[in-house]
Amino acid sequence: MAQRHTVSGYVTDSATGEAMIGATVFIQELNKGVGTNNYGYYSATLDDGTYTLVVKYIGYAELKRAVDLTADRKMNLKLSTTVQVMQAVEVKGEKTKSQTESTDMGRMDVDVTKLQTLPALLGEVDILKTIQYLPGVKSNGEGNSGFYVRGGGPDQNLILLDEATVYNASHLFGFFSVFNADAVKDIELIKGGMPAYYGGRTSSVLAITMKDGNDKEFHGQGGIGLISSRLTLEGPIVKEKSSFIVSARRTYIDVLAKPFINPESTFAGSGYYFYDINAKANYRLSDKDRFFLSGYFGRDVFNLSGNQPGSPNFKIPWGNATVSGRWNHVFGPKLFLNTTAIVSDYKFSFAGNQDQFGFSLSSGIRDYGLKVDFNQYPNIRHNVRYGFQYTYHIYTPSTVAVNSGDVPFSIDTPSKLNAHEAAVYVQDDFDVTDRFRINVGLRFSFFAHVGPYHEYITNAAGDNIGFKDYSSGETVAQYSGLEPRVSMRYTLDKRNSIKASFNRNLQYVHLASFSSIGLPTDTWIPSGKNVKPQEAVQYALGWFRDLKERKYEGSIELYYKDMANQIEYAEGASPQDGGNANYDNALVFGKGWSYGAEFFLKRRLGKLTGWVGYTWSKTEREFPAIDNGVAFPSRWDRRHDVSVVAGYELNDRWTFGGTFVYSTGQAATLPVQRYFIEGRLVSEFTQRNGFRMAPYNRLDLAATLKNRPTKEVTDKVTGEVTTVQRKYRSSWTFSIYNVYNRSNPYFIYFATEGDSGLSGLQLTARQVSLFSILPSITWNFEF
Amino acid sequence: MFFTTEAQRHGEMRSSRATLPTTYLMNVKLILLAAISLPLLTSCEKDITVDLPQAPEQFVVEGTIEPGKPPFVILTRTQSFFAPTDINSIANMFVSGATVTVTSNGSTWTLDQICSDLLDSSTIVLAAEATGLSVDLLAAANICIYTALDPSHVGVIGQTYRLDISAEGKTLTSETTIPNPVPLDSVWFKLALETPGDDSLGLAWARITDPDTIGNGYRWAAQRINHRANGEMKDLNYISPLGSTYNDKYVNGLTFDFNEIRGQQFFGGNPEDNNAEQGFFKVGDTIAVKAMSIGRKEYDFYSTYDANVGALGDLFSTPANVKSNITGGLGIWAGRGVYLDTIICVP
């Protein structure tokens, strides 16, 4: 048997030092490749011999390196972007991998650099909005935080920013995401076939990796838009050893709107703004050890101040903060370790007063977590990953306080809820034969709600008749379970592959929503005595095909998903029910299921790139306490969903982008009958979500004008004219949102008119829409 | 924001009271909505036609029994949400010819049906006062109510009353108890100062001491018993504004102050409901206050009723049907303990 040795190292961008995630290092002689991990690390263990390593990454020049493998070799590979002046030979296109090759099922990468050329609402480039154009991912148009993946709710998406969980990923009730695209390097969405490494959510993973910061020279970029401005600065701290990036953004609607609000009006002095800051620094101690520290801090603040006696005043701040510290350690060429320590915090609060009355409500969640993740590469056929994850959660489900003058009402502050969540996992991405590859994994997760906890004991009528106090650390309820994950690929020929996946996921946190529109009042609720963990089992099957020499790729995926222990608020529940009661008193439980087919065709290369996606799906829920147990459409049930995304690079100055979406209208519950009590109109509702609003559709267009990437410089001495890259670049993005001015339904309400006597009574249904045609302009710069 | 709920339009939420969080939270939704649209200033709305599914008709009971008063029962039927709203359609809601009995302590009273076509114009005014229905409606259509004409058939505190109704082949039953009345410690009028310099409009205030037993429910009603220049009494009957239903979940055993806006009838058309006086009492008014004690099921009904009426068609709230205590139909059969007081409105 031949001797074996390992070639390993990092793949980075030669100009910025950024680690290249998901680049393939191809061993030409074996016709096999290995991928880089999230930190750009690769490792291939081969029989001794001479090999040629080829690294390909779209937008970068192909890199070939010969390696004579007689001992373990460390090879750091630096890729250069294709030189702009060599325009003719440059391959343009998406910086993402072909779906046909990978084992990943239902996994999508989004090219961050493409985002800026797509149209965006008010010119605000938005990662969350862009992923909603992918098949199987649904949005609810404007004004809805969160996204829905394959019939799962918005709480079932694991959103990670540098490994830290982000609980509320949007600003301004869902209009803008909290992620500032300037600071983002990589976006990965997994909507099925979740590897065992990920857990704690049943629907999808959206993993966002921030840029590390240029470790060679100082750069900046930013933009000035209609409603906000942003600035990103990055550079070396110690050249080629340590770098930083800081990115900040703030809206100025409040400042701009002020002159237009009549100072006499009731709500003069009110305002809304949000800001966020991303920061990251890293330090490379050696090729074996590297440290990262990243943080996010964002706040939305809404103030309503009535300027007259007796009028109400409100202050509503909310937002996220995350900090994660990471340590990469290479034990040997075959073993890579990443350890992450995380703090994540989400808070919503609402305080109001009027006359002598005061009222406040707050909710939130804080996590302290640790993740230890080993990547092991025993030989070129295996990529093994194992480790453990632990999080200590502190939930504040909903705290209410009310006072009249100096008399506080006796509302018990519901105690904060504490919980341990832990998991161990192992997975292997195994190349069984040249055609068959399988990623098999197993995750074991554990959750315990622990004291201190003040449990109310109620009688049948719902009155509190006593309580039980749990001491600090005492277990109130605990759950655990196995989560098997399998996804596999069988290559039919060079252009076709079939993939299948199965996974079971458990989720120990639930988002309870009072309204049909996602608002920050929605509350995160942990599993506990009455609230069982959510569970989802998903089966998926797909056919992937490359077309026209990989210029195009297409896929068809089918899925079926069963969801257990879903929650809804009981009919008529409202946030104040939380006082003097257990945190889970107003909830009802049931199950759900979803199935669908997703069609996707993408043009990857050329001046024109983009995709067309179509999803047919059905999502239903069944709750014994709702409609007497009759199944009803879920709020995020959409029969048809179409999205078209296109980008066109006309020349090196002009780029055009366009998006179109169409989806079946949102389900809503409307009253069917009416009656009168005390002379007032009472609505009688029948089937939950039994009514469909009008379909949603919208076309957006954008055009970006860049200054020339190069300029001619005349040498003062020789008079020689040379073409050099511009150090300072800027661009204008013009975009039009809702080009054909469609009035998409946001919600429907009923208006009554004519109250003088009966004959004048008029009932009308009215549809409220948010955005009519909305042009915007943004100026971006980089240096 | 060009968006109003029924409650807003009637001015009942105009001066939100903070005594209990319910009212606040209704406002929270409106504020959040305003927050969404204020900065963007692009929201628009239009009338649409919605095609609602059909549902089988149900009977709706509105029945009360109070100490020393005969039972009053009105029986109506549900209508399709967008059914015509002309006077015939409204009159057709009322069910006549029903057999209505009230049973207590083994004795059964069969209630008498009184229909408005038999009443002369002065009795119609009295009937309007008793039922809360408008004089116009009572005069224009044959509307029947069920009550006991025998003066000995009146409610007694602490008694339980069973209601049986049969009409058009349907039977409905319910049961209620008249709870002990809880007195108000004091009542007064205070200027609201909603607009600077205003020296006439205000709210009714009261101080209450909740008994130290959990599970008390309350509902407030008020009636302006002074007259307009033309000699009409300002309110013909007691009116409960929306959101005037409470329980002692958060205030058990406490003494505290609360305020109430002036409620208005849907079928009212009081001249004061269409000007700045909407929702307010005015200096010079005399207010008859009726503080009612109610049981748990009755509290559930009135509180869900307040929420349902206040949130008409508002998708910001979880859609919720009113919790009825009627078996076989919708509506309420409420025994109510009553405490009466009077406020003279002086600045």
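Two strands pair if DSSP finds at least two bridges between them; strands are DSSP runs of E with at least two residues, helices runs of H or I with at least four, both numbered from the N terminus. Strand β2 (residues 24–27) of chain A pairs with β3(A) in the antiparallel sense over four bridges. Within this pairing, K32(A) in β3(A) is the bridge partner of I27(A).

The model is predicted: local features need pLDDT of at least 70, side-chain atom pairs count only at pLDDT 80 or more, and totals for chains, interfaces and linings use all residues. Residues are numbered from 1 along each chain as its sequence is written, chains are lettered from A in the order in which they are written, and side-chain values use heavy atoms, without hydrogens and water.

β2 and β3 belong to an open, antiparallel sheet of four strands in chain A, ordered β3-β2-β5-β6. Its edge strands, β3 (32–35) and β6 (63–69), each pair on one side only.

Elsewhere in chain A, L492(A) lies in the loop between β32 (475–491) and β33 (496–507). L492(A) counts as partly exposed because its relative accessibility is 36%, between the limits for buried (under 20% relative accessible area) and exposed (over 50%), with a 1.4 Å probe and protein chains only.

Chain B contains six helices and 19 strands. Of its 347 residues, 59% count as buried. Among contacts in chain B (heavy atoms within 4.5 Å) with a separation of 6 or more, 69% join residues 24 or more positions apart.
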